[in-house]
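Okay, thanks for coming, everyone.

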Amino acid sequence: MRIVKGQDQAGAVSFMVDMIFNHLKEYPRTVIGVATGNTMVPVYAELTQKILEANLDLSQVKWFALDEYVGVPQDHPSSFRFYLLKNLIRPLKLKESSLFLPEVGSYYDEMIQRAGGIDLQMLGVGVNGHIGFNEPGSGRQTRTRKVKLDTKTLESNRLDLKGLPEIPTEAVSMGVGTILEAKKILLLATGHSKREAIHHLMRFEDREDCPVTFLKSHNQFTLIADPPALPEEYLKI
Ligand code: GLP
């Protein structure tokens, strides 16, 4: 595990952006696993601007979303499809068909494999240590499947789900096993609410009760964090 400490949130975001941008520049026919969540909003804002300025041709890139709610209409602002169209696909004027989302009953892992596998996976982390929507209790071998959302997750995502007649309790998420097959993984953690999950990541390995710890065994895994997300002992380094 490589740990990158950003000077502040903006510094951590810029580091993540640079890594993604350099990857896209070097590999124009790549497959990217894309994450959503509030952490990634500034990443997409900076990344899309940088791509437009450099006039990068991304017409051969495929984007696979990590997860999606079950029961939220595709075009609703709370859906991850809406988020990714708004923050990534439309600003770059990319084809909607280059974006893939997991659906109930879709053979998502096969689709990823057919595309050549994920080269770079972006990740955030939940306050309870979830990655994608692999909540505590998710095993190392899990594949893309329908999952039940944890009460802690629903609580933290409450604001993003407002305006829905019914709050979703399920999602479809890439599995831990699916994520671990990505060639490179970049996890961005910003803010104090993520410190406990990052503390677990630093201390433990392969714990089902905190799925982010499974990433430690991946040989191309980079954690990018700002000071509030890092446990005390890492702030001195
Ligand atoms: C969400 C998503 C994750 C995301 C995490 C953190 O619900 N399923 O992909 O990384 O929870 O979200 P946020 O960045 O809003 O804290």
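So, the largest nonpolar core has 75 residues, and the ones that touch the most other members are Trp63, Met122, Leu187 and Leu215. By nonpolar core I mean a set of buried Ala, Val, Leu, Ile, Met, Phe, Trp, Tyr and Cys residues joined through side-chain atoms within 4.5 Å. Buried is under 20% relative accessible area, exposed is over 50%, and partly exposed is in between, with a 1.4 Å probe and protein chains only. Helix H1, residues 9–26, gives the largest share of this core, 7 residues. Helices (H or I, at least four residues) and strands (E, at least two) are DSSP runs, numbered from the N terminus.

Quick housekeeping before I go on. This is a predicted model, so local features need pLDDT of at least 70 and side-chain atom pairs count only at pLDDT 80 or more, while totals for chains, interfaces and linings use all residues. Residues are numbered from 1 along each chain as its sequence is written, and side-chain values use heavy atoms, with hydrogens and water left out.

Back to Trp63. What does Trp63 touch, not counting residues up to four places away in sequence? The list is Leu24, Ile32, Val34, Leu58, Leu88, Ile89, Leu94, Ser98, Leu99 and Phe100, where contact means heavy atoms within 4.5 Å. As background, nonpolar side chains tend to be buried together in soluble globular proteins.

On to charges. Searching the whole structure turns up 13 salt bridges, each one a side-chain nitrogen of Lys or Arg within 4 Å of a carboxyl oxygen of Asp or Glu. Take Lys50 and Asp18, whose side chains meet at 2.6 Å, N to O. That pair links distant parts of the chain, with Lys50 in helix H2 (residues 41–54) and Asp18 in helix H1, 32 residues apart. Lys50 is partly exposed at 27% relative accessibility, and Asp18 is partly exposed too, at 30%.

Next, Lys148 and Glu170 form a salt bridge at 3.7 Å, N to O. This one also links distant parts of the chain: Lys148 sits in strand S7 (residues 145–148) and Glu170 in strand S8 (residues 170–173), 22 residues apart. Lys148 is exposed at 58%, while Glu170 is partly exposed at 22%.

Then there's Arg81 with Asp75, at 2.9 Å, N to O. Is Arg81 buried or exposed? Arg81 counts as buried, at 16% relative accessibility, whereas Asp75 is exposed at 58%. These two also belong to a network of salt bridges that links Asp75, Arg81, Arg90 and Glu96.

Now the pockets. The largest pocket comes out at about 760 Å³. Points are joined across faces, edges and corners, and the volume is the space filled by probe spheres set on them.

The largest pocket is lined by 36 residues, with Thr36, Gly37, Asn38, Asn157 and Asp160 nearest its centre. Helix H3 gives the largest share of that lining, 5 residues. By class, the lining has 14 nonpolar, 17 polar and 5 charged residues; here Ala, Val, Leu, Ile, Met, Phe, Trp, Tyr, Cys and Pro count as nonpolar, Asp, Glu, Lys and Arg as charged, and the others, Gly among them, as polar.

Thr36 itself is in the loop between strand S2 (31–34) and H2. Thr36 is buried, at 13%, and touches Asp67, Phe80, Tyr83 and Leu84, leaving out residues up to four places away in sequence.

The second largest pocket is about 240 Å³. It has 15 lining residues, and Ser59, Gln60, Val61, Lys62 and Ser98 are the closest to its centre.

Last bit, backbone. Most residues other than glycine have a negative phi. Asn55 has a positive phi of about 60 degrees and is not a glycine; Asn55 is in the loop between H2 and strand S3 (62–65), exposed at 67%. Lys93 also has a positive phi, near 55 degrees, and is found in the loop between H3 and strand S5 (99–100), exposed at 76%.

Note on methods: 1 Å grid on protein atoms, 1.4 Å probe; cavity = no way out; pocket = protein on both sides within 12 Å on 5 of 7 lines; lining within 4 Å.
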